[in-house]
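Let's take a walk through a protein model together.

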Amino acid sequence: MGEILVRIAMIGGGYVGLVSAACFAEFGMHVSVVETNPQRLAALREGRIPIYEPGLDALVVSNAQAGRLVFGDDIATAVTGAQAVFIAVGTPPRNGDGAADLQYVHAAARQIAEALTDYAVVVTKSTVPVGSSRRIAQIIRKVRPDLDFDVASNPEFLREGSAIDDFMRPDRVIIGLDQAQPERASRAENVMRQVYRPLVQAAAPLVFTGLETAELAKYAANSFLAMKISFINEMADLCEKLGADVEDLARGMGLDARIGKRFLSPGPGYGGSCFPKDTLALSRIAQENQSGCRLVETTVQVNEARKAAMAGRIISACGGAVNGRTIAVLGLTFKPETDDMRESASIPILHRLAEAGAVLKAYDPVGMEAAKPLLPSDVLYCADAMDAADGADVLVVLTEWDIFRALSPEALARQMRTKVIVDLRNIFDPVAMRAAGFAYQSMGRP
């Protein structure tokens, strides 16, 4: 792609680090990814992508072959000549209180401090609590009082399944700087504008804020979207009581530009790597600062209760008991186009059904290997959706993969022993399903 624009070091080759690195390389940057897990590093060097994200494998391979994307385990080599050093390591929830565990972030900061020889902006890409960037600066200064550097906060807003498009065509890019030091902030801003120059040229908004605002922005955005999901889930329940249609309701709401149509699809509860973790973390941040955050706290409680209630909904559809009944489960991951099982609704639902004596047959296009350690040991994993439906007493839709939408009602009716469907994602047409003889239940639709 011509002249190299900027040299970047990416500390962490996980989901955020790898997607960001591959996209920066596609923009023409030279990106060195540091990955300390030997198995993951070996896979990356061989062009094997350890995570599922549509289009990522081709992007990594093409940029690695072009020499713009390299992988290693030595930070000193990676940061040599880099103008920006991104920290993209994990921040899992701490056991017990939901706060983010920053041990990997702090370890990366110490290693960066030991390795840097020239000025660079140390950029936090990981989702971290407010105050973390200043803490990183303190760690670096303690290790290297002589070092010339600045810190920045640059939260990611990547959706699994569409992360590449989100990175390359973002709604906005938020960059937090230490605005208490205007000259230093200006220097760091110049570097970050060079890093994101291709997006600036494509008219993507760069929003420069203070460090604390940028750190809070990721938690606030994800918590708001989680509230939106929980709201439409509760509206779906109300629609069922009143004979209303939640899809028409969501359409009517979403056409209001102040609300927007996205994240208004009812389901069994949100999951994944971000929403559960970030809502808990924001609640914790608010508590530690004696500030009420009751909407977020309630959202967490509502979501957990919803997941727990879904198994009861399935059992009720089977007449109140599933002991000895065969249940076909379509979809296991928390959303389509990913193999991510973190906080997936399928986990509590399938465990509850197994405890109630159900025989479970499951199919997911990409998530079954990731699901096996998390689900009951006697789940039968199937070759495809029709294999799962074979001889089933009830079919349950847990993830809205597009291939499930194309299933023929008549073919399902021939395959199943009893014609009962519990569609927790509203992917099927109720009229067509009932015409095929199914006792069909969905979310918030008559």
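We'll go from a strand to a helix, then to the cores, and end with some charged pairs.

A quick note before we start: this is a predicted model, where local features need pLDDT of at least 70, side-chain atom pairs count only at pLDDT 80 or more, and totals for chains, interfaces and linings use all residues. Residues are numbered from 1 along each chain as its sequence is written, and side-chain values use heavy atoms, with hydrogens and water left out.

Start at strand 4, residues 84-87. (Strands are DSSP runs of E with at least two residues, helices are runs of H or I with at least four, and both are numbered from the N terminus.) Strand 4 pairs in the parallel sense with strand 1 (residues 7-11) over four bridges, and A9 stands opposite V85 there. Strand 4 also pairs in the parallel sense with strand 5 (residues 120-124), again over four bridges, with I87 opposite T124. To count as paired, two strands need at least two bridges found by DSSP. In a regular strand the side chains alternate between the two faces of the sheet. Here A84 and F86 sit on one side, V85 and I87 on the other, and they are all buried. Buried means under 20% relative accessible area, exposed over 50%, and partly exposed in between, using a 1.4 Å probe and protein chains only.

Now jump to helix 14, residues 346-355, whose buried residues are S346, I347, I349, L350 and L353. Their cover includes helix 13 (294-317), strand 9 (326-330) and strand 10 (359-363).

I349 also turns up in the largest nonpolar core, which has 53 residues. Such a core is a set of buried Ala, Val, Leu, Ile, Met, Phe, Trp, Tyr and Cys residues joined through side-chain atoms within 4.5 Å. I327, I349, L395 and F428 touch the most other members. Helix 13 gives the most to this core, with five residues. Apart from it lies another core, of 49 residues, including V121 and M168.

Finally, look for salt bridges, where a side-chain nitrogen of Lys or Arg lies within 4 Å of a carboxyl oxygen of Asp or Glu. By this rule there are 23. K218 and E156 form one, with their closest N and O atoms 2.7 Å apart, although they are 62 residues apart in the chain. K218 is buried at 2% relative accessibility, and E156 is buried at 7%. E46 and R48 also meet in a salt bridge, at 2.8 Å, but E46 is exposed at 55% and R48 is partly exposed at 46%.

Technical notes
Contact means heavy atoms within 4.5 Å.
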